[in-house]
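Q: I would like to go through this model with you. Could we begin with the ligand?

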Amino acid sequence: MPEREPYTIAWEEETGSIIYIDQTLLPGQYRVVRCTTVEDLARAIRRLEVRGAPALGIAGAMGVALAAVRSAEPDLDRFREGVGQAADLLRGTRPTAVNLAWGIDRVVRKVAMAASVAEAKALAIAEANAVAEEDELTCRRLGTFGEELFPARCTVLTHCNAGALACRCWGTALGVIRSAVAAGKDVQVIACETRPLNQGSRLTCWELARDGIDVTLIPDSSAAYLMRKGAIDLVIVGADRITRDAVFNKIGTYMHAVAARHHGIPFYVAAPVSTFDLARTEKEITVEERDGAELAYCGDHQLAPDGVAVLNYAFDATPLDLVDAIITEIGVLRPPYAESFRLIRKGEGV
Ligand code: MRU
């Protein structure tokens with residue numbers, strides 16, 4: 001472990017680059033990567049070296065700043081055109097997490113406001129850093145609101161990784177867990193492995209164990225049985241996008257929500273306001289489909305016969321009627337969501 005932990009993703013002022021923890025190597029290897037081109041960043045996002053909705057928002061913002069800073073174009077219009085192309089490249093890397101486009105757009109808007117190339121570069125860096133700094137504050141606020149929903153002693157099931165690694169630090173769902181632990185609550189975490197890319201076993205278990213938070217790994221398929229045995233008090237997950245009618249999150253989330261409702265267990269979502277996309281409904285969202293090789297192989301080891309058809313959705317949608325509360329940095333939203341979502345529209349103009 002390095003002496004000082006960097007954030008999951010950060011802007012490195014001295015070199016004009018992005019540095020991030022390569023999440024594909026965890027838990028075996030902890031490596032911080034320096035990224036100097038937008039093409040490399042786009043590849044890193046596709047490979048999930050940087051992943052998780054809020055971290056993707058920061059990556060998008062910093063990617064546009066990187067394009068701006070590295071541009072040698074003196075003409076403002078042509079400069080903006082180049083930055084716009086970089087933004088489009090980044091936007092196309094992953095379609096489901098709305099934070100990616102949100103982070104990109106924040107910096108593109110600043111570039112559009114600038115009166116010179118030099119000003120555009122300065123504004124782009126400042127805005128990208130603001131996106132990252134706000135993310136930390138957001139996660140901590142959201143954690144404080146969310147921990148109040150936790151009993152003094154509880155066992156909490158989570159899916160995928162909505163932790164420090166999915167944000168600048170602290171996390172959304174895991175941020176709530178961290179805040180509950182910090183408030184003196186006795187919290188045990190059940191982490192679903194999250195096939196096929198194992199963000200739960202590789203990342204959630206790694207970061208919670210490192211913080212000394214009690215975590216037990218289970219196969220995704222154990223969740224309903226543990227609920228039936230009375231071993232789970234509540235479920236908390238993050239989100240990649242929240243539309244007017246559904247929460248998009250890592251594939252497998254929906255089955256936990258169905259099982260939780262069947263067993264009378266609260267199902268909570270923790271997400272920043274930037275994850276809301278209230279102009280859209282479930283049907284309008286593209287759910288990322290990933291390479292079948294992620295299921296058919298484990299590293300070099302073949303798990304399925306050659307040529308078998310594979311369907312590999314990265315996310316699913318959980319209808320809002322299965323969600324007991326959505327924890328945000330502006331408070332805890334409860335059903336009826338048609339009413340509580342008005343707070344989001346008012347506060348942030350989503
Ligand atoms: O494919 P990933 O690893 O980017 O998916 C991440 C998730 O589904 C997380 O649960 C979600 O982004 C919330 S992160 C705070």
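Q: Which polar backbone atom is 3.1 Å from an oxygen atom of the ligand?
A: In this predicted model, a polar backbone atom of Gly-52 is 3.1 Å from a ligand oxygen.

Q: And how far is the backbone of Ala-53 from an oxygen atom of the ligand?
A: The distance is 2.9 Å, taken from a backbone N or O atom of Ala-53.

Q: What about side chains, for instance Gln-199?
A: Gln-199 places a polar side-chain atom 2.9 Å from an oxygen atom of the ligand.

Q: How many residues surround the ligand, and which are the closest?
A: The ligand is surrounded by 18 residues. The closest are Arg-51, Arg-94, Gln-199, Asn-249 and Lys-250.

Q: Let us turn to the domains. What does the assignment give?
A: The chain is assigned a domain 1, covering 9–140, and a domain 2, covering 144–346. Their centres, taken over C-alpha atoms, are separated by 25 Å. Domain 1 brings 29 residues to the contact and domain 2 brings 34 residues.

Q: What area is buried between domain 1 and domain 2?
A: About 2,700 Å² is buried there, and carbon and sulfur atoms give 55% of that area.

Q: Which residues of domain 1 lose the most area to domain 2?
A: They are Arg-51, Thr-96 and Arg-140, which together account for 23% of what the domain 1 side buries. Arg-51 is also among the closest residues to the ligand.

Q: How many salt bridges and polar contacts are there between domain 1 and domain 2?
A: The interface of the two domains has 2 salt bridges. Between domain 1 and domain 2 there are 18 residue pairs in polar contact, counting pairs with both residues at pLDDT 80 or more.

Q: What distance is found for Arg-168 and Glu-136?
A: Their side chains meet in a salt bridge at 3.2 Å, N to O.

Q: Changing topic, what is the backbone geometry between Arg-195 and Pro-196?
A: A cis peptide bond joins these two residues, with omega about 5°. Pro-196 sits in the loop between strand S5 (186–192) and helix H7 (199–210).

Q: Is the phi of Thr-194 positive or negative?
A: Thr-194 has a positive phi of about 70°, although Thr-194 is not a glycine. The loop between S5 and H7 also contains Thr-194. In general, most residues other than glycine have a negative phi, and most peptide bonds are trans.

Q: What joins Pro-335 and Pro-336, and where does Pro-336 lie?
A: Pro-335 and Pro-336 are joined by a cis peptide bond with omega about 0°. Pro-336 is in the loop between strand S15 (331–333) and helix H11 (337–348).

Note on methods
Residues are numbered from 1 along each chain as its sequence is written. Side-chain values use heavy atoms; hydrogens and water are left out. Domain bounds come from an automatic or database domain assignment. Contact means heavy atoms within 4.5 Å. Buried area is the accessible area (1.4 Å probe) that two parts lose on being put together, summed over both. A salt bridge is a side-chain nitrogen of Lys or Arg within 4 Å of a carboxyl oxygen of Asp or Glu. A polar contact is a pair of N or O atoms within 3.5 Å; within protein, one must be able to donate a hydrogen and the other to accept it, and residues adjacent in sequence count only if both atoms are side-chain atoms. A residue is near a molecule or strand if one of its heavy atoms lies within 4 Å of it. Helices (H or I, at least four residues) and strands (E, at least two) are DSSP runs, numbered from the N terminus.
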